[in-house]
Amino acid sequence: MAVMHPLGSAPHNQWRVNEAAVDFVRTPRVPRPVAIPATPQHIRLDLARTALVIVDMQNDFCHADGWLASIGVDVSPGQRLIAPIHAMLAEARNANIPVVWVNWGNRPDLLNLGPSTLHVYNASGTGTGLGNPLANGAPVLQAGSWAAAILDEFGDTAGDIHVAKFSMSGFWETHLDAILRNLGVTTLLFAGVNLDQCVLCTFQDASFRGYDCVLLEDCSATTSPGFCAEATLYNIRQCFGFVAASPDVIDAVKQA
């Protein structure tokens with residue numbers, strides 16, 4: 001039999017081909033089920049079809065020299081997430097769970113953004129908004145800049161998956177959905193900032209697309225008032241998915 005060559009970027013979504021034939025049969029995926037305490041109900045998920053999605057853990061949102069801090073916002077909620085996300089990140093990598101960083105990273109010319117998006121970040125038109133320079137010269141949330149970079153505390157993320165977003169949802173006009181479906185992912189674990197804004201919008205859009213959605217509560221935070229977080233958690237439990245704690249996930253992964 002002639003040699004068949006794999007064709008496809010994801011291990012479990014590949015054809016095998018040669019000059020004469022194409023084999024559509026994918027390599028079987030072995031389930032890795034684990035049980036995790038959660039609300040409003042406990043859940044059982046398949047680690048072989050799960051990804052960790054980390055939203056906006058960037059300098060502009062979480063660093064003392066970033067954009068939010070420069071306009072007087074207390075960024076300590078995001079900084080408090082570094083340790084729990086770091087622990088979850090390490091365990092996900094050890095367990096071969098895909099890690100997806102979904103970070104705001106705009107075009108330098110902002111041509112894909114309308115005034116309604118720009119207004120959120122510069123309501124008067126005279127402030128420091130998207131693309132404007134910070135004190136250190138970095139343009140706010142511009143792709144490739146220090147402002148849009150992942151916090152240094154997370155170290156080398158080159159082996160992870162990176163998706164640039166341009167709105168509060170990580171799915172809006174991005175490659176996120178296509179990447180997850182190519183990987184065969186059905187369950188998403190969410191972490192990051194801000195819980196009631198970019199995390200929630202991405203979470204909702206994932207739910208609308210049929211993904212199983214789990215918020216890691218201790219790995220998510222917001223700079224908004226407390227009632228915003230309370231409402232977000234209520235709506236996630238009521239309408240969009242489940243809420244769990246990262247130590248419970250980590251324990252389950254280690255025992256799998």
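Does valine 22 count as buried, partly exposed or exposed, and what is its relative accessibility? In this predicted model, valine 22 has a relative accessibility of 46% and therefore counts as partly exposed, a class that lies between the limits of 20% and 50%. The residue belongs to strand β3, which covers residues 22-23. Together with Leu7, Trp15 and Phe24, Val22 makes a nonpolar surface patch of about 410 Å².

Strand β3 is part of an open sheet of three strands, arranged in the order β1-β2-β3 with antiparallel pairing. The edges of this sheet are β1 (5-7) and β3, each of which pairs on one side only. Strand β2, residues 15-17, is joined to β3 by two bridges in the antiparallel sense. Within this pairing, arginine 16 has aspartate 23 of β3 as its bridge partner. In general, the strands of a sheet pair through backbone hydrogen bonds, in either a parallel or an antiparallel manner.

Helix α4 comprises residues 82-94. The buried residues of the helix are Ile82, Pro84, Ile85, Met88, Leu89, Glu91 and Ala92. These buried residues pack against several elements, including the strands β6 (50-55), β7 (99-104), β9 (187-192) and β10 (212-220). The helices α3 (76-79) and α9 (246-255) are also among the packing partners. Just after α4, asparagine 96 adopts a positive phi of about 60 degrees.

The charged side chains form six salt bridges. One of them joins aspartate 109 to arginine 107, with an N to O distance of 2.6 Å. Aspartate 109 has a relative accessible area of 38% and is therefore partly exposed; arginine 107, at 39%, is likewise partly exposed.

A salt bridge also links aspartate 177 and arginine 181, at 3.1 Å from N to O. Because these two residues are four apart in helix α6 (residues 176-183), about one helical turn separates them. Arginine 181 is partly exposed, with a relative accessibility of 45%.

Arginine 237 and glutamate 217 form another salt bridge, with an N to O distance of 3.7 Å. Arginine 237 lies in helix α8 (residues 226-240) and glutamate 217 in strand β10, so this pair ties together parts that are 20 residues apart in sequence. Arginine 237 is partly exposed at 31% relative accessibility, and glutamate 217 is partly exposed with a relative accessible area of 37%.

Notes. Residues are numbered from 1 along each chain as its sequence is written. This is a predicted model: local features need pLDDT of at least 70, side-chain atom pairs count only at pLDDT 80 or more; totals for chains, interfaces and linings use all residues. Side-chain values use heavy atoms; hydrogens and water are left out. Patches are made of residues with over 30% relative accessible area and no salt bridge: like charges are joined within 9 Å, nonpolar side chains (Val, Leu, Ile, Met, Phe, Trp, Tyr) within 5 Å. Accessible areas come from the Shrake-Rupley method with a 1.4 Å probe; for residues, only the protein chains shown count as cover. A salt bridge is a side-chain nitrogen of Lys or Arg within 4 Å of a carboxyl oxygen of Asp or Glu. Buried means under 20% relative accessible area, exposed over 50%, partly exposed in between (1.4 Å probe, protein chains only). Two strands pair if DSSP finds at least two bridges between them. The expected span of a helix is 1.5 Å times one less than its number of residues. Contact means heavy atoms within 4.5 Å.
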